[in-house]
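The following exercises concern the reading of a single protein model. Please study the sequence and the coordinates before working through the solutions.

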Amino acid sequence: MSIHKLIVSVILLLLFTNCSNDAGIKETGQINVFSLTVEGGKVTSGMDNISINPTIRFVFSRSIDPASFEQALKINPLSNGTIAAINYTNNSSAVEVSLNLDYGSTYEFIIEGAIGVNGEMLSETINLSFKTQVDDTIYSKPPCLNTADCLQSKLISHNTGQGNFNFYANYPIYEENAKWQNLEKAVIVVHGASVNPDDYYSYMSTTLEALGVSESTVLIAPDFKSSEVSSGDLYWSSLGYRDGKESSGAIKISSFEVLDILISRLADKNFFPVLNEIVITGQSSGGRFVHTYAAGNRSESLYPEIHFEYIVSESQYFYYPTNERIDEQTNNLYVPTNCNGLQFWPFGYELAPDYVSALDKATFNDRFVSRSITYLLGNGSGSDSELNTTDCEAVLSGSSRYQRGENMYLYMDLKYPNHNHKKTIAQGISHNGSAIYTSPEFKALLAQLLNN
């Protein structure tokens, strides 16, 4: 059985065990394990390449007695493995055990017996065996699934200074002692106007787990902050991140360049020797980001050995290479009049930010037409309070969020018959990032792209 299947089996067993109500727990006098992770990642018996200083975290169904827990805990062989610390939180129902281990050694980790404050027994013996990494190089490890444990930071240097940029990731991508031999793909998901990267990390992590690809796929959710939460943070006021604009504050760097910097790490064969594909997607305002980043970015041209895919999810704003639009009555192209915003960025090329205008318009448009972009559209009929029905450049794109995506795709068909754009429709889904990124249609699309 594969490690992934073992993990799923263990998790399902734990969930099934804990489906009893509080009354049932009291009747049996048992303590169940709600979750068990190693450094925020999933855990199962038989793992290898575990850190020599791992932290194993337990969440129990009720408070445990520290003295009883420590007596019930055994590590074999103890001769070359020691417990560095045990921390108890949440009224002693959550326990973190930090270990000091040796390289290339196999250990058995056992907890059994009475550990409750009133002598309650552990419902099932915990018996894990695992092997530590062979040397100080990390070749693989379980992905981080607990979102709160997956937050990382990168100090980004620019000619205007340095700034901290946060992101969520299921692997420590800036670990200097890593050479990831299992990570062949990457998925980058860009949040919308709510600036909630943790939610999008969670949605996408759920989908990657459902597809069974977490152990071969890097997941990154950038945090384009709208204000300076901590001193030195990079941030973009007025949602400037979605258009590739420069960050606010003293340090000026395009949001597009920040993503290029993260991708440059993924493209570094010293750390990611087998990574060959990057899928970049964004929802709503994140989709607006991806639509223009697809053509304007410098990464795809720099790394021809990596295949790039772009998924624009439920955006209401689209870039058009010309001032033509779709007449929804005839489904034909026409040039609207009395709207001065059509030609301005991000609806058109004029006034594009410096990062983009380094390319001339013809080159940008050629890239836009040829790059592999998929429009992920939800055709639900629910209300859309965020739909812009005031600005002419938005209204002329279409009568609804869904129709604006359909019109964009039809424009490409009529204007550029040899384009490389596609569309996928998530049936019955309105403007909802969680629903669309966990939908059957998106799962099928992502599975297809990752298996290319």
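The model is predicted, so local features need pLDDT of at least 70 and side-chain atom pairs count only at pLDDT 80 or more, whereas totals for chains, interfaces and linings use all residues. Residues are numbered from 1 along each chain as its sequence is written, and side-chain values use heavy atoms, with hydrogens and water left out.

**Exercise 1. Salt bridges across the sequence**

Determine how many salt bridges the whole structure holds, and state which parts of the chain Arg62 and Glu120 tie together.

Solution. 
- Step 1. The criterion is a side-chain nitrogen of Lys or Arg within 4 Å of a carboxyl oxygen of Asp or Glu. A search of the whole structure with it gives 10 salt bridges.
- Step 2. One of these joins Arg62 to Glu120, with 2.8 Å between the closest N and O atoms. Arg62 belongs to the loop between β5 (55-60) and α3 (66-72), and Glu120 to the loop between β9 (106-111) and β10 (121-122), so the pair ties together parts 58 residues apart in sequence. Helices (H or I, at least four residues) and strands (E, at least two) are DSSP runs, numbered from the N terminus.
- Step 3. Both Arg62 and Glu120 are buried; buried means under 20% relative accessible area, exposed over 50%, and partly exposed in between (1.4 Å probe, protein chains only).

**Exercise 2. Two further pairs**

Solution. 
- Step 1. Glu176 lies in the loop between β13 (161-169) and β14 (185-190) and Arg265 in helix α5 (residues 255-266), so parts 89 residues apart in sequence are tied together.
- Step 2. Glu277 is in strand β16 (residues 277-283) and Lys185 in strand β14, 92 residues apart.

**Exercise 3. Helix α5 and its surroundings**

Solution. 
- Step 1. At the start of α5, a side-chain oxygen of Ser254 comes to within 3.0 Å of the backbone nitrogen of Phe256.
- Step 2. A nonpolar core is a set of buried Ala, Val, Leu, Ile, Met, Phe, Trp, Tyr and Cys residues joined through side-chain atoms within 4.5 Å. The largest has 65 residues, and Leu266, Ile278, Ile280 and Tyr375 have the most contacts inside it.

**Exercise 4. Strand pairing**

Identify the strands with which β13 pairs and those with which β2 pairs.

Solution. 
- Step 1. Pairing requires at least two DSSP bridges between two strands. Strand β12 (residues 151-158) runs antiparallel to β13 and is joined to it by 8 bridges; 2 residues separate these strands in a hairpin.
- Step 2. β13 also pairs with strand β15 (residues 217-222), antiparallel over 3 bridges, and Tyr168 has Ala221 in β15 as its bridge partner.
- Step 3. Strand β2 (residues 33-38) is antiparallel to β5 over 5 bridges, with Val33 opposite Phe60.
- Step 4. β2 pairs antiparallel with strand β3 (residues 41-42) over 2 bridges. In the hairpin of β2 and β3, the turn residue Glu39 has a positive phi of about 50°.

**Exercise 5. Helix α9**

State which residues of α9 are buried and which elements cover them.

Solution. 
- Step 1. In α9 (residues 361-370), the buried residues include Phe364, Arg367 and Phe368.
- Step 2. Their cover includes α6 (285-296), α11 (401-415) and β21 (421-426).

Technical notes. Polar contact = N/O pair within 3.5 Å; in protein donor to acceptor, adjacent residues only side chain to side chain. Contact = heavy atoms within 4.5 Å.
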